[in-house]
Amino acid sequence: MELVTDGASPASIPADRTGSKGAVRPTPVWQLAVLGVVSSAFISGACWMSGHVHADVTLQTTARFFHVAALIVGLGSVLAVDWFAVLWLLGRRRLSDILNTACTLQVPIWLGLAGLVVTGLFLRPNLQSPLTLVKLGLVLAVTVNGLYAHWLGQRLERHQDGQVPRHLLVQSGVAATVSQTGWWGATLIGYLNSQS
């Protein structure tokens, strides 16, 4: 979930989102903070509900299929964005390419993440297991990191025609590392839990 941004052209942005020069106004930090709180509450609610949902075998099998499908959609989209980021760092793509890719794929990334949380309700997660708690922590980290990456992408947009400051490059690398660690870590733990 890297560098997610509103990559629309100023002409396609409603008047209240553009400044006097037609530049896109970034999403206010308070809105991202509210989304972070709402997302955390959604994940917490899903954990609580999972203890009260008693799915039969058919529902569990269906949920497992959609859980894997959500993983493919979400993680696949994240990998595509990160691949463009690597190509940009190697000088083989422009910054605008990665920002446009991130903008295009932000919906499948968030749908994949939400799909994982919702379908996980029906998979009888063992909330007493330390591994499951680590997985939930990784899901929360990926969620908050995605909001941070959105904020970061908007800062990178300002440097599409020039040199990107070193601190933004470092922050981008940290966001990508947190994202990859979170997605792959949660995937590995999910696989290990399914084997036990």
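Modeller: Trp 151 is partly exposed, because its relative accessible area is 22%; buried means under 20% relative accessible area, exposed over 50%, and partly exposed in between, with a 1.4 Å probe and protein chains only. This is a predicted model, in which local features need pLDDT of at least 70 and side-chain atom pairs count only at pLDDT 80 or more, while totals for chains, interfaces and linings use all residues. Residues are numbered from 1 along each chain as its sequence is written, and side-chain values use heavy atoms, with hydrogens and water left out.

The structure holds two aromatic pairs. Rings of Phe, Tyr and Trp (for Trp, its six-membered ring) pair if their centres lie within 6.5 Å; planes under 30 degrees apart count as stacked, over 60 as edge-to-face, and the rest as tilted. The rings of Phe 65 and Phe 66 have planes at 80° and centres 5.2 Å apart, so this pair is edge-to-face. Tyr 148 and Trp 151 form a stacked pair, with 5.7 Å from centre to centre and 25° between the planes.

Tyr 148 and Trp 151 both lie in helix H4, three residues apart, which is about one turn of the helix. Helices (H or I, at least four residues) and strands (E, at least two) are DSSP runs, numbered from the N terminus. Tyr 148 counts as partly exposed, at 30% relative accessibility.

Helix H4 also holds Val 144, which is partly exposed with a relative accessible area of 44%. The C-alpha atoms of Val 144 and Ala 33 are separated by 9.0 Å, although these residues are 111 residues apart along the chain.

Leu 131 is another residue of helix H4, which spans residues 130-157. Leu 131 is partly exposed, at a relative accessible area of 35%. Together with Leu 188, Tyr 191 and Leu 192, Leu 131 forms a nonpolar patch on the surface, with about 380 Å² of accessible area. Patches are made of residues with over 30% relative accessible area and no salt bridge; like charges are joined within 9 Å, and nonpolar side chains (Val, Leu, Ile, Met, Phe, Trp, Tyr) within 5 Å. Accessible areas come from the Shrake-Rupley method with a 1.4 Å probe, and for residues only the protein chains shown count as cover. Helix H5 (residues 166-195) supplies the largest share of the patch, three residues.

The salt-bridge count comes to one, a salt bridge being a side-chain nitrogen of Lys or Arg within 4 Å of a carboxyl oxygen of Asp or Glu. The side chains concerned are those of Arg 94 and Asp 97, at 3.1 Å from N to O. Arg 94 counts as exposed at 56% relative accessibility, whereas Asp 97 counts as buried at 19%.

Ser 77, in helix H2 (residues 57-89), counts as buried because its relative accessibility is 8%. Beyond its neighbours within four places in sequence, Ser 77 is in contact (heavy atoms within 4.5 Å) with Ile 72, Leu 105, Pro 108 and Ile 109.

As for confidence, the protein averages a pLDDT of 86, and 88% of the residues score at least 70; pLDDT is the predictor's confidence in each residue, from 0 to 100. Over residues 1-22 pLDDT stays under 50, and the model has 66 contacts beyond four places in sequence for these residues.
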